[in-house]
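Thanks for asking me to look this one over. Here is the structure, and my notes come after it.

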Amino acid sequence: MLAMEAIHPVFCTIVPPHVLDKLARAEDPALAGPARRTLEADAQQRTHRRLTTVIGAPSLAPSPGAADNKVHRLIHDAQHKTDLPGKVVRKEGAEPFKDATVNRAYAGLGATFELLLKAFGRNSIDGEGMPLIASVHFDRDYGNAFWDGEQMVFGDGDGEIFLDFTLPVDVMGHELAHGVTQHTANFSYFGQPGALNESMSDVIGSLVKQYVNDQTAAEADWLIGQGLLAERVQGVALRSMKAPGTAYDDDVLGKDPQPATMDDYVTTGRDNGGVHINSGIPNHAFYLLADALGGKAWERAGQIWYDTLTAGTLSTTPTFADFAQATVAASRARYHDGEETQALLKAWEQVGVPTTQKKAKL
């Protein structure tokens, strides 16, 4: 088992930079203006994240319910400013607030906590009852949501391309899952390790939505961010795990660039080496596994992914092949060579990722 390396929290957004870059170049100022402001705000937060990593972040107080595996949520209103966290508007156990956005954030954080606890026995993001903190109404027309290493932040969208980012519960699950990865495998945020980081968040985000809706793998839509895109956009979501590359095809937003297999792997220096793009490959492998096994996806497919994430056997810079091989080891440890492992091997084969190490030529 590899020793745990120092945790380096990263700034992770749900909307990829390449999407915002394209919107920022739109001729319509109603589209370009919010996208440019969002990119500027993201850059500022990314810089803040780096400085916090160097200087050190203040320690969070432990959750009062940590010992009892109880959720502890704290929702703030940023009041359309960029100073975080903002004004506290709903604490754990408080009655619903007059603001629906606040209540959706509160419910989404709770749903993610519940999935982690009931499906995987994990007590919050860090496994030790970490409080779940969120801020809503960040900036004006802010078209993103992010995890900054300490808390969740949601924008209201511009109403033209993006709607309120608390509308899709999987967006909340996705961003909080970055915190789970941060406190476990701690994948770096570039290239294939970064794509695995993003994929793990899509997997957990999708599982949160399926858990909330009590859906089987066959009943789920496997879309990430469904309900986030405004009516004018030709698309259904930000990403599709079932059919990567088909989530949207819009004159302004562009076409979903995600590949489903290694045959179409995208080599790029943008988006931290394509972390939001090539994540479509491990995403699709997970979908294929869950679909083949049937039933509730968090029960077997999700368990294999969670076991892999928390086993401590991967470095912080794994390739897709490294991760695939680790999932096979995790599956065999739990399910031996049963149908779970056989379906897993087939899923990785279908997306073109090897599950055995190549022997060196003599």
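The points below cover the aromatic residues and the nonpolar cores.

1. Please keep in mind throughout that this is a predicted model. Searching the whole structure gives 15 aromatic pairs, and two of them are described here.

2. Take F138 and Y142. Their ring centres lie 4.9 Å apart with the planes at 80°, so this pair counts as edge-to-face, the cut-off being over 60 degrees. F138 and Y142 are both buried.

3. W305 and F323 are also edge-to-face, because their planes stand at 70° with the ring centres 5.7 Å apart. This pair joins distant parts of the chain, with W305 in helix α8 (residues 301–310) and F323 in helix α9 (residues 320–335), 18 residues apart. W305 and F323 are both buried. They also belong to one aromatic cluster, together with F187, W222, F286, Y287 and W348.

4. The charged end of R73 sits over its ring, 3.6 Å from the centre, and R90 lies over the face of Y106, at 3.6 Å from the ring centre.

5. Which residues touch the most other members of the largest nonpolar core? They are F154, F162 and W305, in a core of 92 residues. Helix α3 (residues 100–120) supplies the largest share of this core, 10 residues.

6. F162 is worth a click in the viewer. Leaving aside residues up to four places away in sequence, its contacts include V15, V19, L20, L23, L228, L229, L238 and L253, along with D156.

7. Finally, there is a second, separate core of 6 residues, and F138 from point 2 is one of them, as are F11, A41 and V153.

Note on methods: Residues are numbered from 1 along each chain as its sequence is written. This is a predicted model: local features need pLDDT of at least 70, side-chain atom pairs count only at pLDDT 80 or more; totals for chains, interfaces and linings use all residues. Side-chain values use heavy atoms; hydrogens and water are left out. Rings of Phe, Tyr and Trp (its six-membered ring) pair if their centres lie within 6.5 Å; planes under 30 degrees apart count as stacked, over 60 as edge-to-face and the rest as tilted. Buried means under 20% relative accessible area, exposed over 50%, partly exposed in between (1.4 Å probe, protein chains only). Helices (H or I, at least four residues) and strands (E, at least two) are DSSP runs, numbered from the N terminus. A charge sits over a ring if NZ of Lys or CZ of Arg is within 6 Å of the ring centre and within 35 degrees of the ring normal. A nonpolar core is a set of buried Ala, Val, Leu, Ile, Met, Phe, Trp, Tyr and Cys residues joined through side-chain atoms within 4.5 Å. Contact means heavy atoms within 4.5 Å.
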